[in-house]
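Please look at the sequence and the 3D structure below.

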Amino acid sequence: MNKLDLMPLRFERLTIPPGQVLVTHDGGDFAFLNQTDFRRLIEDPADLAPHIRDDLLARGFLHDPLTATTRRITAAQLATRKRFVAEGPSLHICVVTLRCDHGCDYCQVSRRGPSAAGFDMSEETARAAVDRIFESPAPALTIEFQGGEPAFAFDRVRQIVALARDRAGSDGRPLTFSMVSTLQRLDDDMLRFCLEHEIALSTSIDGPAALHDRHRRRPGGGAFDATRRALDRARRILGAEAVAAIATITGDALDRPDEVVDAYVDLGFRSVFLRPVAPYGFARRQPGLAPSVTGFIEFYRRALDRCIEHCRAGRHIEEAYATILLTHILTPFGGGYVDLRSPAGAGHGVLVYNHDGGVYVSDEARMLAASGDHRLRIGDVHTPFRELAGSGTLRALLAAGLAESLPGCWSCAFLPYCGNDPVHHLATQGDPVGHRAFSDHCARHKALFRLLFARIAANDAEVNRIFAAWIGRRQPAEPGGDIRLD
């Protein structure tokens, strides 16, 4: 065989399984090697056993200088993973109102009471927002309605849907809608409108009733029971799997992972998205509310095991964030998740149109503005898209979100599957680049990747089947089909 050259790679020494080294490259392929074979790969690949050498050649870690095949394949893999770079924002979030009847103690936004005046999006603002949305060059468009509670301004939802449908008729691009809601204020007429226009719904359920009601308070109490009744009503009209849900994990949930997952199974969900309290809005005023990174990871490990246990028993329940990460690891696609990409998705994959007409690079940027930090407001709904996209703020943010150029990221073995979050680092460290040694975003994702790679390395046939089923349910997004899972 010709002498083989070593291609650029990154590596991580794993503690589980012990003695294994994970190697990855920019195309996203990976391999597990013992310490001896890893040293042989670096020092002289000819010393590797033939079957290991051939496998590493096929995976793109070795290159035959007499052919350009490896480089062409790796370049094609990288182009597929980064295809979003040339697309522009496809996810457009319209905050139609700040009014809400809940008083969640970790609320990320500056909510207002149901009768408050001056916090709904105007007709003029909605019309201008739709104009900006259709100026985006993305090959597909998603409009997501947020609040507050969008049901309090549902006439504005109807208006935006009608305007967007009319524009899409001549535009020709795929158009989808989603809405984040407690569900409780959506009456049958609203739900039938959602059915007619295929508006996907997402809500929040934090686990069993006692845990949910502790943090998601509403007048008269009983938030969990009210959500369960509203969920039943929505499913009756929209279908059994028409509503997705997210569990926000607080410190007092850390010893209850089985109960959180079981609550979703009991409610008939086939997916649960587990995320820790975010450092925005009201949550910033309660430092003890959010779990530590180590506490959350231990909770997550046990919750993931519980999901796998249910699946082994024939009850399908996926952990949605694991599915996103596994899609990044096990397929050549990015999955369309705007919060975990490089360059960062803020402003490049998503734009937010606030009720007052302000345009922000992400929902988290809007949350920062509610706390008095308006640096990530890039214009208003009357600013042409070309000016919004060319703003100095957005250019600086994209540079801060290019993980391949950042200290602590460029050499990380998990880089092909990860991304920097400049808005999070601006909020927590005062700098959009951030410092990896003090970044909870970095620490949490490294731990999550180690956890998943340990499961993959164990090569449990049943777990592999379960992971494949999870990925199969969440098909790779079409170009421009960005998602957030809020």
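**Helix contacts and strand pairing**

In helix H6, the residues Asp188, Leu191, Arg192, Cys194 and Leu195 meet Arg233, Ala234, Arg236, Ile237 and Leu238 of helix H8, where contact means heavy atoms within 4.5 Å. Sorted by class, this contact of H6 with H8 has 6 nonpolar, no polar and 4 charged residues. Nonpolar covers Ala, Val, Leu, Ile, Met, Phe, Trp, Tyr, Cys and Pro, charged covers Asp, Glu, Lys and Arg, and the others, Gly among them, count as polar. The model is predicted: local features need pLDDT of at least 70 and side-chain atom pairs count only at pLDDT 80 or more, while totals for chains, interfaces and linings use all residues. Residues are numbered from 1 along each chain as its sequence is written, and side-chain values use heavy atoms, with hydrogens and water left out.

**Helices H6 and H8**

- H6 (residues 188–196) packs against H8 (residues 223–238) at an angle of about 45°, and their axes are 9 Å apart.
- That angle makes H6 oblique to H8 (angles under 35 degrees count as roughly parallel, over 145 as roughly antiparallel, 65 to 115 as roughly perpendicular and the rest as oblique).
- Axes are lines fitted to C-alpha atoms, for helices over the stretch in contact, and angles run from 0 to 180 degrees between N-to-C directions.
- Helices (H or I, at least four residues) and strands (E, at least two) are DSSP runs, numbered from the N terminus.

**Helices H9 and H10**

- H9 (residues 257–266) and H10 (residues 293–312) pack at about 40°, with axes 8 Å apart.
- H9 and H10 are therefore oblique to each other.
- Pro257, Asp258, Val260, Val261, Asp262 and Val265 of H9 meet Phe299, Arg302, Ala303, Arg306, Cys307 and His310 of H10.
- The contact of H9 with H10 has 7 nonpolar, 1 polar and 4 charged residues.

- S2 (residues 10–13) pairs with S3 in the antiparallel sense over 4 bridges (two strands pair if DSSP finds at least two bridges between them).
- Phenylalanine 11 has valine 23 in S3 as its bridge partner.
- The hairpin of S2 and S3 has 6 residues between the strands, and glycine 19 takes a positive phi near 80° there.
- S3 is also joined to S4 (residues 30–34) by 5 bridges, and the two run antiparallel.
- Glutamine 20 has asparagine 34 in S4 as its bridge partner.
- In the hairpin of S3 and S4, 5 residues lie between the strands, and glycine 28 in the turn has a positive phi of about 100°.
- S3 (residues 20–24) is largely enclosed by the rest of the structure, because 4 of its 5 residues are buried (under 20% relative accessible area, with exposed over 50% and partly exposed in between, for a 1.4 Å probe and protein chains only).
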